[in-house]
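Thank you all for coming; today I would like to walk through one structure, slowly and with some care about what can be said of it. Please have a look at it first.

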Amino acid sequence: MYWFEEYIGRPWAAVPNPPHSFTCGELGRYVLRERLGLAVAPIYADAAILRQCVDNLNYPELYSLYRINGNPQPYDFAFLARCKRADHLGIAVATSEGIQILHCQQGAGVILNSQAELLGTGFRRIDWFRHKDVEKHLKSVVDGGQSHSRVDGGQSHSRVDGGHSHSRAGGGQSHSRAGGNPVLFGGEHA
């Protein structure tokens, strides 16, 4: 069993309650915190107001994310755009079929799709972003005495351990909410 399978089917909620319910961004935030011990600042937006969510996706650098070119690796963020600007996001996971995107959509909950599937369902573009500390933290995540992902000379390498769960760093949750219905990296409106 892959570590992410436990999340598939969990519902979307405008005011998420991880790990029981998520928005697209809160799922990504939760995965980085629980799997790698990384904190990603929340973006406060009302999930019912798509424009607020889309506007917040324009500033990934405020949340320690930088654009990457080329092949995504596990734990990279996929910013998905149906129109000119991104309005949804997911997080890259390694599967036996390669990198796929774990994401949470309103009406569907947490699901897993390939990039081709997402592009075939109306998303016109996928832009990839990486948290500034993800590579450092990936080196510290250990599975059976061996790192499940490593970085050598600026190139990243990943492997899937036969579908087995990887151990996770970090733990605890912290939530701070200031009015409205906060959502990390936007909300989905199907």
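What we have here is a predicted model, in which local features need pLDDT of at least 70 and side-chain atom pairs count only at pLDDT 80 or more, while totals for chains, interfaces and linings use all residues. Residues are numbered from 1 along each chain as its sequence is written, and side-chain values use heavy atoms, with hydrogens and water left out.

Let me take confidence before anything else. By pLDDT I mean the predictor's confidence in each residue, from 0 to 100. The protein averages 76, and 72% of its residues score at least 70. Strand β5 has the highest confidence, at a mean of 98, whereas strand β10, residues 155-158, has the lowest, at 33. Over residues 142-190 the pLDDT stays under 50, although the model has 130 contacts there beyond four places in sequence, a contact being heavy atoms within 4.5 Å. Where pLDDT is low, the predicted coordinates should not be read in detail.

Now to the fold. The protein has 4 helices and 10 strands, where helices (H or I, at least four residues) and strands (E, at least two) are DSSP runs numbered from the N terminus. Along the sequence they follow the pattern α-α-β-β-β-β-β-α-β-α-β-β-β-β. Of the contacts with a separation of 6 or more, 64% are between residues 24 or more positions apart. Buried residues make up 50% of the 190 residues, with buried meaning under 20% relative accessible area, exposed over 50%, and partly exposed in between (1.4 Å probe, protein chains only).

Strand β4, residues 98-105, is joined to β5 by 5 bridges, the two running antiparallel, and C104 stands opposite V110 in β5.

Just after α1, G37 takes a positive phi of about 75 degrees.

L118 counts as buried, at 2% relative accessibility. Leaving aside residues up to four places away in sequence, L118 touches L80, I101, H103, N113 and F123; of these, L80 is 38 residues away in sequence and 8.5 Å away in space, C-alpha to C-alpha.

Let me turn to the aromatic residues. Rings of Phe, Tyr and Trp (its six-membered ring) pair if their centres lie within 6.5 Å, with planes under 30 degrees apart counted as stacked, over 60 as edge-to-face and the rest as tilted. By this rule there are 8 aromatic pairs. The rings of Y2 and F4 have centres 5.2 Å apart and planes at 10 degrees, so that pair is stacked, while W3 and Y7, with centres 6.2 Å apart and planes at 75 degrees, are edge-to-face. F4 is buried at 1% relative accessibility, and W3 is buried at 8%. Y2, W3, F4, Y7, F22, Y30 and Y75 form one aromatic cluster.

Finally, the backbone. Most residues other than glycine have a negative phi, and most peptide bonds are trans. Y75, in the loop between β1 and β2, has a positive phi near 80 degrees and is buried, with a relative accessible area of 2%. S64, in the loop between α2 (50-56) and β1, has a phi near 65 degrees and is partly exposed at 25%. A cis peptide bond joins P18 and P19, with omega about 5 degrees, and P19 lies in the segment before α1.

Methods:
Pairing = 2+ DSSP bridges.
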